[in-house]
Amino acid sequence: MEENLNITIDPACLQEPPLAIDVIRHLDLFEICLYSILTLMSSLSLLLYLDECIYVYRNLPHPKKTTIIWINGAAPVIATMSCFGMWVPRAVMFTDMTSNCYFAVVVYKVLVLMIEEFGGCDAFLKQYSGERFKISTGPCCCCCLCLPLVPMTRRMLFLMKLGALQYAILKTVLSVLSIILWTNGNFDLSDLEITGAAIWINPFIGVLTITSLWPVGIMFMNTRNTLRRVKMIPKYAMYQLVLVLSQLQTSIINILALDGTIACAPPFSSQARASMLSQQLMIMEMFIITLVTRILYRRTYDPLPSDVHADDNDRNLKIHLPPNQVDTIV
C-alpha cells in the first residue's frame, strides 16, 4: 500500500518558469515552427497597427483620432506582450500587467468614442438631454429590470465617465503594487490563503472591472441605433471579444492549472505551461481581431446629423406637415 503512494514528481514541475534560453534549447522542430509563426503573427499585428495609426492621424479629426488609435491598439499590444511572455516565461507577470493596464484605458476610450461620434459632450447632451436611459444593462444589473429609467443630464454623463475612468487609474495602481509585492515574494496567484495578497487584490480588481463596464454598457444600449450608421455595433462587439479573451479566457486557463487539469511538461510547471498556452492562444486570437478592426476603422464615416434624433427606444420618427405644404414637396 505504501509503495503505491510513492509517486515520483519531476523537480521541474515544482520550479519557477524556465529561462528564455532553456525554452529555446527544448524546442523541437514542430515547436520551432509554431513559435516562428506566432512571432510573425504578433509582428504583423504591430505593423498593421502602425499603418492604421498613420491613416487615422491623417484622415480623422482631433480628438476622435486619438481615441481610435487607443482602441485600435488593444489587440496588437496584447499580441505583442503575449509574444514576449511566450519567449520569456518569467516575464509573464510584467507582460500581463502591461496588457491589462492598456485595456483598462481602452474601456474608458470606448465610452469616449461613443460620445465623440455625436460631436462631444455638449452635442451629446443637446441631443439626449432629458432622455430617460435604461440602466438595467450588463454586466452589473442586466437582471434588475425593476430599475427606473434615469434622465440624461450633465451630472449623469460625468458619473458615467468617472465610472469608466476609475478602472484605468486604479487598475494601473494595483498592477504596480502587485508587481512590487511579487518581487518581494508576497504576491502569488496560486496562494489562496487568507493571508495572501492575491486573494485580496484580484477580487477587488474584478469589482472595479464590473463597475467600469456598466456605464459603457449603458451608453451603448441606449445609443446603438443612432450609432448604427458608423458601425458601432461591430466595433463594440470586437471590444467585447477582446475583453472576454484577455480576461475570462486567461482566468479559466489559470484556474485549470491550479486545479491540476493542465499537466506539467518539463521544463514547464503546470502554471508555467498554462501561461504559455494562454499566450499562444492570445497571439492567434488578437491577430484575427486586428484584421477585423482594421476593416472597421480604416475608413471615414459621415458625421451623425445633429438636428435629427434617432430614437433608441424602438420608436419611429414621425414628421407631420400641414396639408397646404404637402403639394409643394416634389
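Trp70, Ile71 and Asn72 in helix H4 meet Ala74, Ala75 and Pro76 in helix H5. Contact here means heavy atoms within 4.5 Å. Helices (H or I, at least four residues) are DSSP runs, numbered from the N terminus. This is a predicted model: local features need pLDDT of at least 70, side-chain atom pairs count only at pLDDT 80 or more, and totals for chains, interfaces and linings use all residues. Residues are numbered from 1 along each chain as its sequence is written, and side-chain values use heavy atoms, with hydrogens and water left out.

**H4 and H5**

- The contact of H4 with H5 divides into five nonpolar residues, one polar and no charged. (Ala, Val, Leu, Ile, Met, Phe, Trp, Tyr, Cys and Pro count as nonpolar, Asp, Glu, Lys and Arg as charged, and the others, Gly among them, as polar.)
- H5 covers residues 74-87, and its axis comes within 4 Å of the H4 axis.
- The two axes cross at roughly 35 degrees. (Axes are lines fitted to C-alpha atoms, for helices over the stretch in contact, and angles run from 0 to 180 degrees between N-to-C directions.)

**H3 and H4**

- H3 (residues 29-59) packs against H4 (residues 64-72) at an angle of about 170 degrees. Their axes lie 9 Å apart.
- H3 and H4 are therefore roughly antiparallel to each other, a term for angles over 145 degrees.
- The crossing of H3 past H4 is right-handed. (Right-handed means that the near helix is turned clockwise from the far one by less than a right angle.)
- On the H3 side, Tyr49, Glu52, Cys53, Val56 and Tyr57 make the contact. H4 supplies Lys65, Ile68, Ile69 and Asn72.
- Six of these contact residues are nonpolar, one is polar and two are charged.

**Two loop residues**

- Proline 63 is in the loop between H3 and H4. A cis peptide bond joins histidine 62 to proline 63, with omega about 5 degrees.
- Lysine 231 sits in the loop between helix H9 (198-223) and helix H10 (232-259).
- Lysine 231 is not a glycine, yet its phi is positive, at about 60 degrees.
- Lysine 231 counts as partly exposed because its relative accessibility is 37%. (Buried means under 20% relative accessible area, exposed over 50%, partly exposed in between, with a 1.4 Å probe and protein chains only.)

**A buried glutamine**

- Glutamine 280 belongs to helix H11 (residues 270-297).
- Glutamine 280 has 9% relative accessibility, so it counts as buried.
- Leaving aside neighbours within four places in sequence, glutamine 280 is in contact with Leu34, Tyr35, Leu38 and Met86.

How values were computed
Parallel < 35°, antiparallel > 145°, perpendicular 65-115°, else oblique.
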